[in-house]
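Biologist: I'm new to this one. Can you put it up and walk me through it?

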There are 2 protein chains.
Amino acid sequence: MLNILITNDDGINSAGLITLAQAISKIANVTVVAPDRERSATAHAITMHKPLRVEKSDIPGCKALGYKVNGTPSDCVKLALEALLDSEPDMVLSGINRGANLGTDVIYSGTVSAAIEGALSGVPAIALSVAARGNVEFDYAAEFAKRLCQQISKKNFPKDTLLNVNIPFTKQEKIAGIAVTHLGTIRYKNSFERRTDPRGKVYYWLAGEAIEDINDKGSDVWAVKNNFISITPILLDLTKYDIIDTIREWNLEL
Amino acid sequence: MLNILITNDDGINSAGLITLAQAISKIANVTVVAPDRERSATAHAITMHKPLRVEKSDIPGCKALGYKVNGTPSDCVKLALEALLDSEPDMVLSGINRGANLGTDVIYSGTVSAAIEGALSGVPAIALSVAARGNVEFDYAAEFAKRLCQQISKKNFPKDTLLNVNIPFTKQEKIAGIAVTHLGTIRYKNSFERRTDPRGKVYYWLAGEAIEDINDKGSDVWAVKNNFISITPILLDLTKYDIIDTIREWNLEL
């Protein structure tokens with residue numbers, strides 16, 4: 001049986017994580033190590049200046065072993081791999097996130113960062129998100145994740161890579177298929193609202209209307225808009241190799 | 001005259017930022033928008049659920065305009081570009097960080113993330129770090145940064161890229177030169193210490209001894225160990241393009 005570690009950034013009590021743990025428990029020994037509360041947009045933050053506390057926490061409706069941590073998604077995976085688990089898991093799953101993680105937004109995503117942490121340790125890692133806000137239902141996404149794990153566990157998972165999976169929020173019969181994609185573009189306009197507090201002092205609040213480039217065919221943004229499940233391979237080495245020679249030719253001086 | 005935005009993750013009162021602002025002020029109109037306190041290892045975290053406050057803050061020893069923000073480095077750059085600055089700056093500088101940002105560690109770095117935020121908005125961006133802990137002296141690094149900005153402002157800065165610069169902490173005459181590098185490898189062993197608190201409860205604290213692969217010639221880790229100033233181009237598009245076809249050939253099913 002597979003050994004699978006599950007984490008997320010919405011917190012251990014979120015429906016997306018619980019539904020995923022229930023589905024995956026049918027095919028694997030599942031350990032959940034997840035933040036004790038919502039940690040969205042913490043990106044790859046790690047906790048260096050505070051102790052981390054770990055508490056056992058039951059996952060309703062399944063026999064998965066659960067631990068909640070007062071840290072970020074990255075903390076959870078680091079701690080699981082290096083202190084809590086007896087042996088290295090066969091796979092790390094992060095999610096299922098409530099809301100898409102697409103395009104340039106992946107850089108802010110705690111869901112994706114947790115998967116990166118798994119991949120950095122050499123464990124096949126998958127980030128899972130459902131492209132919807134509000135009252136999301138995770139049953140289809142969790143069942144798909146289960147079938148995906150079964151299929152992927154038989155493949156040669158690429159090194160220094162993780163898979164970022166986004167599932168459209170639509171009826172099962174409307175799912176158009178699976179698209180292997182590249183990251184698309186999401187830009188924001190009017191990102192900050194300038195407001196005045198009850199004492200007359202100015203503050204700013206991040207708002208921002210997303211402008212998605214849905215015309216970039218083959219991108220994750222395009223795929224989800226067209227009801228495909230999007231799978232994007234994400235790299236760990238952030239070097240932009242094709243620019244190295246250009247910069248060398250600049251002949252910069254000390 | 002150039003218009004340059006400076007930020008960091010060590011906070012607006014850190015010596016690395018102040019020394020940099022003083023040096024850059026000699027060649028540019030400088031605006032500093034930086035966290036009001038240390039924000040190391042916040043990575044690319046952004047503040048969505050709280051208001052951000054901005055306060056004017058003098059930068060000692062120079063006429064740079066300063067603002068401190070109760071947010072992360074990424075918040076600072078976003079806020080500067082979208083709300084505080086009258087026009088887009090010619091360059092974003094993040095640093096000078098106390099401590100190297102090398103190899104796989106860049107993913108955790110608030111210094112690098114602030115530069116990424118600039119690059120995402122299309123502004124040439126440079127992350128600057130001095131490879132030392134403790135009692136660091138930033139004068140040489142700041143003067144080098146000044147000369148680097150002057151040289152780079154005359155080049156065609158590559159799109160969707162930022163430069164990650166690490167300066168060895170050594171005497172000026174020992175600097176071996178400039179190396180344009182790729183990101184090397186840093187792994188950690190024994191990352192968590194398991195301890196017991198005064199009330200007998202277990203906690204974990206991130207420790208970890210870094211294992212740097214200094215034999216990877218041409219990497220940033222190698223360069224700094226050999227007293228080169230390392231310049232690494234970092235990409236914004238995290239897609240691992242060379243794996244897309246492999247995953248397509250897996251023929252995954254719904």
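Biologist: What kind of model is it, and how do the labels work?

Modeller: It is a predicted model: local features need pLDDT of at least 70, side-chain atom pairs count only at pLDDT 80 or more, and totals for chains, interfaces and linings use all residues. Residues are numbered from 1 along each chain as its sequence is written, while chains are lettered from A and ligands numbered from 1 in the order in which they are written.

Biologist: Start with chain B. What order do the strands of its open sheet take?

Modeller: The order is β3-β4-β2-β1-β5-β6-β7-β13-β8, nine strands with mixed pairing. Helices (H or I, at least four residues) and strands (E, at least two) are DSSP runs numbered from the N terminus. Two strands pair if DSSP finds at least two bridges between them.

Biologist: Which strands are at the edges?

Modeller: β3 (54-56) and β8 (177-180) of chain B, each pairing on one side only. From one strand to the next, the twist averages 20 degrees. Axes here are lines fitted to C-alpha atoms, for helices over the stretch in contact, and angles run from 0 to 180 degrees between N-to-C directions.

Biologist: How do β1 and β2 of chain B pair?

Modeller: In the parallel sense, over five bridges. β1 covers residues 2-7 and β2 covers residues 28-35. Leu5(B) stands opposite Thr31(B) there.

Biologist: Which strands does helix α4 of chain B touch?

Modeller: α4 (residues 139-152) packs on the sheet against β1, β5, β6, β7 and β13 of chain B. Its direction makes about 160 degrees with that of β5(B). Contact means that the C-beta atoms of two residues, placed from the backbone, lie within 7 Å. Helix α2 (residues 73-84) of chain B lies across β1, β2, β3, β4 and β5, at about 130 degrees to β2(B).

Biologist: Which residues touch the most other members of the largest nonpolar core?

Modeller: Ala145(A) and Ala145(B), in a core of 160 residues. Such a core is a set of buried Ala, Val, Leu, Ile, Met, Phe, Trp, Tyr and Cys residues joined through C-beta atoms within 7 Å. Buried means 20 or more other C-beta atoms within 10 Å of a residue's own, exposed means 12 or fewer, and partly exposed is in between, with C-beta atoms placed from the backbone. Beyond four places in sequence, Ala145(B) is in contact with Leu20(B), Ala23(B), Ile24(B), Leu93(B), Ile96(B) and Leu128(B).

Biologist: New topic. How many residues of chain B are in contact with chain A?

Modeller: 61 residues of chain B, meeting 61 residues of chain A. α6(B) gives the most to that side, with six residues. α6(B) also lies across β7, β8 and β13 of chain A, at about 135 degrees to β13(A).

Biologist: What is the class make-up of that side of chain B?

Modeller: 40 nonpolar, twelve polar and nine charged residues. Ala, Val, Leu, Ile, Met, Phe, Trp, Tyr, Cys and Pro count as nonpolar, Asp, Glu, Lys and Arg as charged, and the others, Gly among them, as polar.

Biologist: What rotation superposes chain B on chain A?

Modeller: 180 degrees, with 0.0 Å of shift along the axis and an RMSD of 0.0 Å. That is the relation of a two-fold axis. The same surface serves both copies, as 100% of the contact residues of chain B recur in chain A.

Definitions and conventions. Copies are superposed by least squares on the C-alpha atoms of residues with pLDDT of at least 70 in both.
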